[in-house]
Structures are given as C-alpha cells and as structure tokens.
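Subject: Structure handover

Hi,

Here is the structure for your files. Please look it over; my notes on the helix packing follow.

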Amino acid sequence: MPAPLVILILSLLLGLQPITTDLYLPALPALTASFGAVPAQAQLTLTALLLAFGASQLFWGPLSDRIGRRRVLLIGLAGYTLAAVGSALAGSIEVMVFWRVLQGAFMGAGTVCARAIVRDLYAPQEGARAMSKGLSGLGVAACLSPPLGGVLAEWFGWRATLAALTVMGAATLFVVARHFQETLHERHPEALQPAVLLRTARGIVGNRSFWTYASLCTASFGGLFCILSASSFVFINLLGTSPSFYGVLLLLSAFYIGGTMLCRRMIQRFGVQRSVMIGGALSLSGGGLMLAFALSGVSTVWTIMVPAFIFMLGHGVHQPCGQSGAIAPFPKAAGAASAITGILMMVVAFGAAYWVGANMDGSALPMIVGVAFCSAAVAFIAWVPVQRVRLGAV
C-alpha cells in the first residue's frame with residue numbers, strides 16, 4: 001500500500017475512539033434528562049464503553065496475530081456499525097449502556113490492529129513517526145467531533161450525535177474492505193492457544209521497555225479522560241456555556257495535533273527520549289497551572305482551558321512515542337503487545353473517569369485534581385524511566 005493510504009487507514013482506525021467518546025459529549029446533559037437518569041448513570045455510557053474497549057483488545061490482538069489484521073478489521077468494523085445503530089435507537093439508559101458496551105468491544109479491533117500495522121511495516125523509531133502521523137489524523141477527528149456534536153445536539157437532538165457514529169463506522173468499513181491489504185507477513189496459528197498466550201503475555205509484561213512506554217501513554221490518557229468525563233457538566237451545568245459553545249471549547253484536539261506535529265520534528269532532531277522529556281515539561285506545566293488557578297479561587301472557562309491546551313501539547317508527544325515504544329520490542333507479537341497496551345490505557349481511563357464522577361461536588365476541583373495528578377505522573381515517567389531504557393529493547 002502507498003504510504004499516504006497507510007496513514008489514511010491508520011487515521012480512520014485510530015479516529016474511531018475519539019469520535020465515539022467525544023461526539024456525543026455536548027449531548028450528555030440532554031441525554032441524561034431525556035432518560036430521567038442521574039449524571040453517574042449517564043457517565044456509564046462512556047466509562048462502560050471504555051472498559052469494554054480495553055478488555056476486548058486482549059482478544060482482538062492475539063486473534064489478529066493468528067488470522068491477520070484484515071479479517072479482524074472487517075469483523076470489528078461491521079460489529080461497531082451495527083452497535084452504533086442500536087445506541088442511536090436505545091429506549092432507556094440501560095439499553096443505551098448495553099449497546100455502548102458492544103460498540104466499545106468491537107471498536108477495540110480497529111485500534112489494536114492500527115498499532116500492530118505500524119509494527120508490521122516500520123522499525124521502532126520510524127514507527128514512532130508513522131504513529132504520530134496517524135494520531136494527527138485522530139486529532140483532526142477529535143477536533144471536529146465536539147463542535148459537530150454540539151451543533152447536532154442543539155439542532156437535531158442527542159440521538160443525532162449517536163446516529164452520526166453509524167456513518168463513520170460504515171465509511172471506515174468501506175475504506176478497509178476496498179483498499180486495505182494484509183500487513184501481517186507471517187501468521188501465527190498457535191497465537192490463541194492458552195499456553196502460547198500465557199508465554200507471550202509473560203514475555204510482554206516482563207519487559208522493562210514495554211512498561212516504561214506503556215505507562216507513559218497510559219498516564220497521559222488518564223489525564224485526558226479526567227477532562228472528557230466531567231467537562232460537559234462543568235462547562236454546561238456549572239459555568240453556563242451552551243452545548244455548541246462547549247463543543248468549540250473542546251478544540252483541545254487542535255493542540256493535540258500540534259503536539260503530534262511537534263513530536264515528529266523533535267524525533268527527527270533529538271530522538272525519542274529527549275522528545276519525551278520535553279513533552280513531560282509541557283504536561284506538568286498544564287496540569288500544575290490548572291491546579292494553581294483552582295487553589296487560588298479563580299474558576300473560569302479559560303483558567304481551565306488554557307492549561308488544558310498546554311497539557312494536550314504534551315499529550316500529542318507522549319501518545320505516538322508511548323504507543324509505538326510499547327510494542328517496538330515485539331515484532332512477532334505486535335497484536336498481543338498492542339492489546340495489553342490498550343487495556344492498560346482503558347483501565348486507567350475508566351478509573352480516572354470513575355473517580356472524577358464519584359467525587360463530583362458541584363465544582364470543577366475533582367476534574368482538575370485528576371488532571372494535575374496524571375500530569376505529575378507523566379512528567380516523572382518521561383524524566384526518569386524513559387531516560388533509562390533503550391527504545392525497542394527486548
């Protein structure tokens with residue numbers, strides 16, 4: 001496949017996750033009121049999806065090592081599209097959560113295969129650059145999702161935001177079915193055998209380089225989901241913004257795209273480790289500034305969003321470096337390594353979102369504390385463990 005086609009497919013596959021989580025966020029308060037639910041129940045439509053998304057990757061990863069990336073993608077994208085239809089037509093919050101769980105489970109196929117495709121085609125350092133290009137595409141999708149979701153929610157109702165996911169799923173399925181060529185050159189028919197799964201998993205989780213880079217992208221992802229899980233309630237209910245203006249505020253992804261572009265330039269000039277060190281300074285500056293404003297009693301839209309923009313620049317550095325670095329030591333088990341990375345990210349995202357939701361007290365402080373904690377963890381990992389391990393070390 002030509003390189004631009006590979007990047008397009010990576011962007012579509014990776015972009016499914018932020019579109020699925022971000023597009024309906026401006027509609028979350030209206031969805032909650034429509035079903036007569038409480039915010040904690042409505043947040044299950046996000047947190048349960050994330051948990052299913054992460055857990056499913058433990059199945060999709062080894063399956064893709066066994067039968068190939070293409071077949072797994074076709075199954076996953078078809079299931080995702082059907083689950084999107086069910087979500088849009090749900091008649092209760094319980095049914096909505098059910099369909100969102102299925103949607104998250106099928107969505108895992110696309111993300112786990114995207115990371116594995118990068119390892120199939122590229123060496124470790126080149127893989128980080130290719131991943132940054134794919135994640136720039138993810139950033140574009142995430143950048144457009146909240147404003148589009150705000151407009152759809154305001155003009156057509158909250159169901160329109162979920163119906164739009166059907167269109168995205170069907171379009172991605174069409175591109176993959178029409179243009180994607182298998183990238184796995186050597187299939188592993190024993191990949192799903194329990195003994196082989198256990199041996200492979202033991203090799204991955206026993207690898208220091210894996211834990212270093214997986215924890216980097218995981219901690220940064222946790223900070224992002226502290227923002228995503230509570231920001232609609234903070235900005236719409238607490239600070240009084242409209243759904244459409246809230247959608248514009250979530251142009252966080254524009255800064256994330258900037259971070260991925262910065263990442264590519266820095267990798268070329270400084271290498272991965274020094275790039276991550278600079279990203280750690282950005283993450284800590286964003287989270288620390290947000291907390292400083294809150295503790296000083298200043299709580300406005302911009303005292304939250306400006307630090308969040310800085311945090312997202314760092315996030316754009318850590319995701320391509322962390323995700324590609326975690327699977328770099330495992331060219332023959334890229335699917336399994338991608339799966340374990342994915343579930344770690346989703347478990348932390350679920351935990352962060354759940355903690356913020358459980359501690360919501362009518363202020364923005366729980367969200368801000370969560371972001372600050374995650375940004376401090378990111379900076380520590382970037383400045384200490386990442387500097388002590390070699391990228392791709394077995």
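H3 and H14 are roughly antiparallel to each other, because their axes cross at over 145 degrees, the cut-off for that term. The crossing is at roughly 170°, and the axes of H3 and H14 (residues 334-358) come within 7 Å. Residues in that contact divide into 17 nonpolar, 10 polar and 1 charged.

The basis: this is a predicted model, where local features need pLDDT of at least 70, side-chain atom pairs count only at pLDDT 80 or more, and totals for chains, interfaces and linings use all residues. Residues are numbered from 1 along each chain as its sequence is written, and side-chain values use heavy atoms, without hydrogens and water.

Terms, briefly. Helices are DSSP runs (H or I, at least four residues), numbered from the N terminus. Axes are lines fitted to C-alpha atoms over the stretch in contact, with angles from 0 to 180 degrees between N-to-C directions. Contact means heavy atoms within 4.5 Å.

Now H3 itself. Just after H3, Gly 68 has a positive phi of about 105°.

H1 (residues 3-22) also packs on H3 (residues 39-67): the axes come within 10 Å and cross at roughly 160°. That makes H1 roughly antiparallel to H3. Gln 17, Thr 20 and Thr 21 of H1 meet Leu 46, Leu 49, Leu 50 and Phe 53 of H3.

Best wishes

How values were computed
Helix = DSSP H or I, 4+ residues; strand = E, 2+ residues; numbered from the N terminus. Parallel < 35°, antiparallel > 145°, perpendicular 65-115°, else oblique. Nonpolar A, V, L, I, M, F, W, Y, C, P; charged D, E, K, R; others polar.
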